Amino acid sequence: MAQYTENELAKDLEDQDYKFGFVTDVETETIRQGLDEGIIRLISTKKEEPEWLLKYRLTAFAAWQKMTEPEWAHVRYKKPDFQKITYFAAPKQSKKYESWDDVDPEMKETMAKLGISLEEQKKLTGVAVDFVMDSVSVATSFKSKLKELGIIFCSFSEAVQDYPELVQEHMGTIVPHTDNFYAALNAAVFTDGSFCYIPKGVRCPMELSTYFRINAEGTGQFERTLVVADEGAYVSYLEGCTAPQRDENQLHAAVVELKALKDAEIKYSTVQNWYPGDKNGVGGIFNFVTKRGLCETNAKISWTQVETGSAVTWKYPSCILKGDHSVGEFYSVAVTNNYQQADTGTKMIHLGKNTKSTIISKGISAGNSQNSYRGLVQIHKKAHKARNFSQCDSLLMTDHCGAHTFPYIECKNPSAQIEHEATTSKIGEDQLFYCKQRGISEEKAISLIVNGYCKEVLNQLPMEFAVEAQKLLAISLEGSVG
Amino acid sequence: MIEIKNLHANIEGKEILKGLTLNVKAGEVHAIMGPNGAGKSTLASILAGREEYEITAGEITFDGADLLELSTEERAREGLFLAFQYPVEIPGVSNVNFLRTALNEIREAKGQDPISAKEFMALVREKSKIVELDSKLASRSVNEGFSGGEKKRNEIFQMAMLNPKLAVLDETDSGLDIDALRIVAKGVNSLKSPKNASIVITHYQRLLDHIVPDFVHVLYDGRIVKTGGKELALELEDKGYDWIKEELQVS
């Protein structure tokens, strides 16, 4: 992590506004606004989907219509008008790219601006990338190399066409379409996303990465990610997100399902940097996401998230520890500044014996923002000797922001062991002065202190992501001490 | 090096410094002694640029520049170093990373390139020896879980790394056992050169057995009321401060 030098940081700070706020000028194909059965049929037709998937969508839509938007989260926002959203937008000419050379140059430029030059990545880092812009997946690199190992890594749409049995077998089994309001909406209208399958005993030799990007105006992004690690398999999966700077609130309602079969391990890392709105709280992405993983015997799922973007975040990456000896981990840094609101945390559902979970949550609130940790640790009757350790720390940068912790514990087995630690602190004037006395500027001092505070979480991220996350933290908190 | 003229300073409306004058030249070591509440730590804080203090009169010239016009970090980059009485802990930030950031900020201000990793580590090895600092401490978080003595040694280690023109040591001897005191003093002495200077603020004479001052000043009620050589420190140790107070009342 030391690779990221102070000079680079200084350069990034000069350009402290949301630097992914640009719009790519590609021809976009969209359908009419609004949501009804007709729209869903249209999406399904456009994607040439099998009949079972259309049925699935329609069932979900019927369920969604009977649901109401949840209000229990500690966030306030104007509810989206679901009839004013465009549910499908696709960069034209995006059919299928046989090779990297076929990709639209504008699109390549966008990726380069986002720091994900695929060409570079192909050569240097060995990260396989799937790029999803607006509703469709644009490019997946490294596919053939992965194929040799039997690994499937492709867009969700391709998976539906090429591996329908796998998709049908697993999709919706962890986050059912009835799970919650936004999961139901996603199940009805999702347009693309990523699919990944690691066969038995295979250790995926590279990081798999998906980059989500909202580009078109007035659209929502509804992607689905499904990662299945078969028995004894291992995969590390990265997800990044950005969007242009717009005055409207755009909706992002994703569903991520992870399945770790016996002895498998999935590491899922997210750096979420959706447009957070301006300094006065105008615009920004509503990020309402359902992420959940299921662990069979002796399996392990680790969620690591660095959340700096979005106007409103509502997200609880969770683990169902079904198999005995399975392990769930949740490492989170959530930063809110200006008028951002975040209600995020995790659920650890212990079903199996000797299951173990760890929760490390670091909240940082600045400006007038509200930052809440909400977590549930549930130990079921048969979860003998289940163990949980939770640590929830909050750091306040100003006097007008809020930090809240809502930990829920439900324990039905007396042999379980549950620990919960929580701290709240304000960034120390003394720490800042100490740094400054050594010649370090205030901005750099804040960045040092905050990165130190988040270290346990940042250490969980793969190298290049950790560097990215450090930069983001510094940029998100520019000029925020008061 | 530094010239303080008729300095008056308040905190929360209360006047702490009441016309302090002090002149320190390159190559000199000045000790400032005085009873509790005389304004010793206030002086250190003002030199470093703490904002809680209001300067109501007087001026400070540091190396030809108006010190009071400079921000805390600018003063540091100009070569003013404060060894803190109570060093602050910064969890999760390694000592090395902290120092490297500081060193590069100072270099950048001077228009120099950042130090290479190799040079930097060589410097760490060299300087940590001066204060007999375990190399493990260099990679631990800044002051976190350090003993009192380790924290003070770490201050001197940082001073050695940053190589300041003027070092202000604020009661660096407080809370040190005799061995730690010797190590700290050795560190300070080894950094002494004709080009730099130090102001050693202390309560007790014993530090001055190890760091021999050129001048000893008595700070009392916001002013330097007496100045002498190192023998003044011994006299103070022997007789306390009351005789100075009496002397002042007589005059």
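User: Over how many bridges do strand β1 and strand β4 of chain B pair, and in which sense?

Analyst: This is a predicted model, in which local features need pLDDT of at least 70, side-chain atom pairs count only at pLDDT 80 or more, and totals for chains, interfaces and linings use all residues. Residues are numbered from 1 along each chain as its sequence is written, and chains are lettered from A and ligands numbered from 1 in the order in which they are written. Strands (E, at least two residues) and helices (H or I, at least four) are DSSP runs numbered from the N terminus, and two strands pair if DSSP finds at least two bridges between them. Strand β1 (residues 2-11) and strand β4 (residues 53-62) of chain B pair over 8 bridges, in the antiparallel sense.

User: Which residue in β4(B) does I2(B) stand opposite?

Analyst: Both β1 and β4 belong to an open sheet of chain B with the order β2-β1-β4-β5. The residue of β4(B) that stands opposite I2(B) is F62(B).

User: Is S116(B) buried or exposed?

Analyst: S116(B) lies in the loop between α3 (95-109) and α4 (117-130) of chain B. A residue is buried if 20 or more other C-beta atoms, placed from the backbone, lie within 10 Å of its own, exposed if 12 or fewer, and partly exposed in between. Because S116(B) has 9 C-beta neighbours inside 10 Å, this residue counts as exposed.

User: Which helix gives the most to the side of chain A that touches chain B?

Analyst: Counting two residues as in contact if their C-beta atoms, placed from the backbone, lie within 7 Å, 21 residues of chain A are in contact with 24 residues of chain B. With 6 residues, the helix that gives the most to that side of chain A is α10(A).
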